[in-house]
Amino acid sequence: QLPKGFVYLSNIDATIKSELRYFSNNNFIGKPIDGYNNNCVIVTLETAKKLEKIQKILIKKNLSLKIFDAYRPQQAVNHFVKWAKVLNDTLMKKEYYPKIPKSQLFNLGYIASKSGHTRGSTVDLTIIDLKTGKELDMGSPYDFFGEQSHPYFSDISKKQKENRFYLRKIMLANGFRPYDNEWWHFTLNNEPFPKTYFNFPIE
Ligand SMILES: C[C@@H](N)C(=O)N[C@H](C)C(=O)O
Ligand SMILES: [Zn+2]
């Protein structure tokens, strides 16, 4: 039973793809994150309806949204904070933050100790090509912490810029706002719980 105002995204649009990275070992910590007990995407109803609208536009072009993270319990954020304090635990540094000292990941805005995700109306996502099943090339992988992931980073190919801006354009046109440090992170404008940081686990 989810709190009032929250839904399983698959109940609103079952065609949207997902890969909940914090439910797996494939994330910047290298282990499943506290509070992710199931592989399902939870968001506020308002967010789900906007994503459904975007998905309907993409499907016509043989494209689809792919969600990496959505509602994130506060216990997961606390796990990130605890991990950040152990400076010698750098299991996934090579893949996720090769050039940024671990001690700077929060200061530089790549991870937040009070995250919009915890309010239920923020999503990390990309677009996939349904013909190939592959993610569009955005010029850096999801959760790659570095300047390369800043939306306006210039040293990427024309196609990578086009892909980034297509995602950004469609999200902004449908009620989301972007984030300066990460091309994949968007928050719903007029979110229903702007001040509430939820802690119910994902199950
Ligand atoms: C950790 C990354 N996926 C992310 O969402 N970063 C922002 C800053 C956040 O933690 O809210
Ligand atoms: Zn995010």
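How many nonpolar, polar and charged residues make up the shell around ligand 1? I counted by class and found three nonpolar, five polar and four charged residues, taking Ala, Val, Leu, Ile, Met, Phe, Trp, Tyr, Cys and Pro as nonpolar, Asp, Glu, Lys and Arg as charged, and the others, Gly among them, as polar.

I note that this is a predicted model, in which local features need pLDDT of at least 70 and side-chain atom pairs count only at pLDDT 80 or more, while totals for chains, interfaces and linings use all residues. Residues are numbered from 1 along each chain as its sequence is written, and chains are lettered from A and ligands numbered from 1 in the order in which they are written.

**Ligand 1.** I listed the residues around ligand 1, where a residue is near if its C-beta atom, placed from the backbone, lies within 6 Å; among them are Asp 69, Tyr 110, His 117, Asp 124, Asp 143, Glu 182 and His 185.

**Asp 143.** I looked up Asp 143 in the loop between β6 and α5, helices (H or I, at least four residues) and strands (E, at least two) being DSSP runs numbered from the N terminus. Asp 143 counts as buried because 23 other C-beta atoms lie within 10 Å, the cut-off being 20 or more, with C-beta atoms placed from the backbone. Leaving aside neighbours within four places in sequence, I found Asp 143 in contact (C-beta atoms, placed from the backbone, within 7 Å) with Arg 21, Asn 27, Phe 28 and Tyr 96.

**Strand β5.** I then turned to β5 (residues 122-129), where six of eight residues are buried. For pairing, which requires at least two DSSP bridges between two strands, I found that β4 (residues 63-69) and β5 are antiparallel over six bridges, with Lys 66 opposite Thr 126. Strand β8 (residues 182-188) also runs antiparallel to β5, through three bridges, and there Thr 122 stands opposite Thr 187. With β6, strand β5 forms a hairpin that has four residues between the strands, and Gly 133 in the turn has a positive phi of about 80°.

Not counting residues up to four places away in sequence, Leu 65 touches residues including Ile 16, Leu 51, Leu 125 and Ile 127.

Methods. A residue is buried if 20 or more other C-beta atoms lie within 10 Å of its own, exposed if 12 or fewer, and partly exposed in between; C-beta atoms are placed from the backbone. Two residues are in contact if their C-beta atoms, placed from the backbone, lie within 7 Å.
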